[in-house]
Amino acid sequence: MAEAEANAEAGLDDGLGPIDALIAERDQWKDRALRAVAEAENTKKRAETQNNDARAYAIQKFARDLLVVSDNLERAIQHAPKDADQAAAGLISGLELTHKALLQAFEGNNLRRVAPEPGEAFDPHLHQAMMEQPSDTVQGGQVIQTLQPGYALFGRTVRPAMVVVAARGSGAAAGNAAYNPGGGGSGGNFDGQA
């Protein structure tokens, strides 16, 4: 290296200057080509991910529309007379079978029913609190009753479950671990799942 600098200062050129420039240009083009290949791979992966998401969630709007049908069938079954004559009993059993088949179709397409039981913790990602009321049976921040079941498609909420939540200070233990898990005075709740 020192010899090359000395030759350059003395005006002696060994004729390798153009070759060094070509090598530098080759390295520059090689780097550009590698970057272009990496960018193409990233674009391909991104497009594949977007296509998979589009396929998985394409039925989301259709499923949301069918949830209304499921709700109506469920209401019809709930309000059907229990001591019906043979013709009405056949109609009622037909409604029950249709509703069961619809729910099986939902499960077959990964549309999962979300209907929390009393005492389950309120999850704002899956549940929508319609009201809050005091309860003697569950602690504050837990579900008392499910008013309408919700549904999730591949873990993504299509419709949140409408629930009644126990108010602060409810339940046997007034400490309400659901509202104040740390017991500290931070003044806020931390949602670690978000």
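Which residue in strand 5 is the bridge partner of Leu153? In strand 5, that partner is Arg156, and the pairing belongs to one of the sheets described below.

## Basis of the description

The model is predicted, so that local features are given only where pLDDT is at least 70 and side-chain atom pairs count only at pLDDT 80 or more, whereas totals for chains, interfaces and linings use all residues. Residues are numbered from 1 along each chain as its sequence is written, and side-chain values use heavy atoms, with hydrogens and water left out.

## Overall composition

The protein chain has four helices and six strands, where helices (H or I, at least four residues) and strands (E, at least two) are DSSP runs numbered from the N terminus. Read from the N terminus on, the elements follow the order α-α-α-α-β-β-β-β-β-β.

Of the 194 residues of the protein chain, 22% count as buried; buried means under 20% relative accessible area, exposed over 50%, and partly exposed in between, with a 1.4 Å probe and protein chains only. The protein chain exposes about 13,600 Å², of which carbon and sulfur atoms supply 55%, the areas coming from the Shrake-Rupley method with a 1.4 Å probe, and for residues only the protein chains shown count as cover. Among contacts with a separation of 6 or more, residues 24 or more positions apart account for 65%, a contact being heavy atoms within 4.5 Å.

Three strands form an open sheet in the order 1-4-5, with antiparallel pairing; two strands pair if DSSP finds at least two bridges between them. Strand 1 (111-114) and strand 5 (156-159) are the edge strands, each pairing on one side only, and neighbouring strands of this sheet are turned by 35° against each other on average, direction ignored. Such angles run from 0 to 180 degrees between N-to-C directions, with axes fitted as lines to C-alpha atoms, for helices over the stretch in contact.

Strand 1 pairs with strand 4 (residues 150-153) over four bridges: Arg112 has Ala152 as its bridge partner in strand 4, and Val114 stands opposite Gly150. Three bridges join strand 4 to strand 5, and these two strands form a hairpin with two residues between them, where Phe154 in the turn has a positive phi of about 50°. Strand 4 is covered on both faces, with Gly150 and Ala152 buried on one side and Tyr151 and Leu153 buried on the other. In a regular strand the side chains alternate between the two faces of the sheet. Helix 3 (residues 60-78) lies across strand 1, strand 4 and strand 5, running at about 50° to strand 5.

Strand 3 and strand 6 (residues 161-166) run antiparallel and are joined by four bridges; Thr146 stands opposite Val163 in strand 6.

His99 is found in helix 4 (residues 86-108) and is buried, since its relative accessible area is 9%. Leaving aside neighbours within four places in sequence, His99 is in contact with Ser70, Leu73, Glu74 and Ile77.
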